[in-house]
Amino acid sequence: MGPAAAWQAATMILVGLTGGIGSGKSTVSALLIERGAVVIDADAITRELQAPGAPLLATLAARFGDGIIASDGSLDRAALAAIAFADDDALKDLNKIVHPAVGAEINARVLAERATDHVVVMDIPLLAENPREGLQAAIVVDVPQDVQVQRLVAFRGFDESDARARMARQATREQRLQIATYVVDNSGSLAELVPQIDALWEQLRVLPQLPEDWEFPVPPAKEPKDPAPVPTPALD
């Protein structure tokens, strides 16, 4: 048992939440929060770490140039995307810079909850691409690809070709479903979604709590094999 596990008992329930771009994962996350979940959102953490004046933003600018910084000091995600998506080496460098910082902050927030009785939901867009050990369940928000495209075009201003290109850089729908303990169908209306979340919440609450000697597995640093593991919030 490591030193972190020695000083407090872990009783929380720890699950993962994932879904492709345009799946409505943020809506599911918000509904879980309403029911009492503690959500640790990888997208939100990435944005926090890339806020104006943050050390990570300075590191990105040193690698990709001051052109990725907007006039108000914030990250110009479109400018960064134009560089990263055009060059595999640039994309690998982006991952090397962003992933360790985000991973360390996620780990810190999980460990801060470890002695509570909370249902802790790790909201990770790329959970299928980069599996996490130690989760008691994986929730996958599932929608057909055409629905993803429609939402990205209608609500986020993508053109269809760009939407499909972004989707192609993530795990396939089938790959996400392979890791699922629970599948949430978010292809319909909010009224159709809410009863699913109510039922899911009841199932999450009765999952076995983590054992007292639990320690959070930290994923090893690794070289990305291809452009797929790009951290979505860095570019979207």
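This is a predicted model: local features need pLDDT of at least 70, side-chain atom pairs count only at pLDDT 80 or more; totals for chains, interfaces and linings use all residues.
1. How to read the numbers. Residues count from 1 along each chain as its sequence is written. Local features need pLDDT of at least 70 and side-chain atom pairs pLDDT 80 or more, while totals for chains, interfaces and linings use all residues, and side-chain values use heavy atoms, without hydrogens and water.

2. Helices α2 and α10. Helices here are DSSP runs (H or I, at least four residues), numbered from the N terminus. The axes of α2 (residues 25-34) and α10 (residues 190-205) come within 10 Å and cross at roughly 55°; axes are lines fitted to C-alpha atoms over the stretch in contact, with angles from 0 to 180 degrees between N-to-C directions.

3. On the α2 side, T27, V28, L31 and L32 touch α10 residues L190, L193, V194, I197, L200, W201 and L204 (contact: heavy atoms within 4.5 Å). The residues of this contact comprise ten nonpolar, one polar and no charged (nonpolar: Ala, Val, Leu, Ile, Met, Phe, Trp, Tyr, Cys and Pro; charged: Asp, Glu, Lys and Arg; polar: the others, Gly among them).

4. Helix α8. Within α8 (residues 160-168), A163, R166 and M167 are buried (under 20% relative accessible area, with exposed over 50% and partly exposed in between; 1.4 Å probe, protein chains only). Seen down the axis, these buried residues fall within an arc of 100°, so they line one face of the helix (the arc is taken over directions from the axis to the C-beta atoms). S161 and A168, on the other side of α8, are exposed.

5. Loop residue G67. G67 sits in the loop between α4 (55-64) and α5 (77-84) and counts as exposed because its relative accessibility is 59%. G67 and A79 are twelve residues apart in sequence, and 7.0 Å separates them C-alpha to C-alpha.

Methods. Helices (H or I, at least four residues) and strands (E, at least two) are DSSP runs, numbered from the N terminus.
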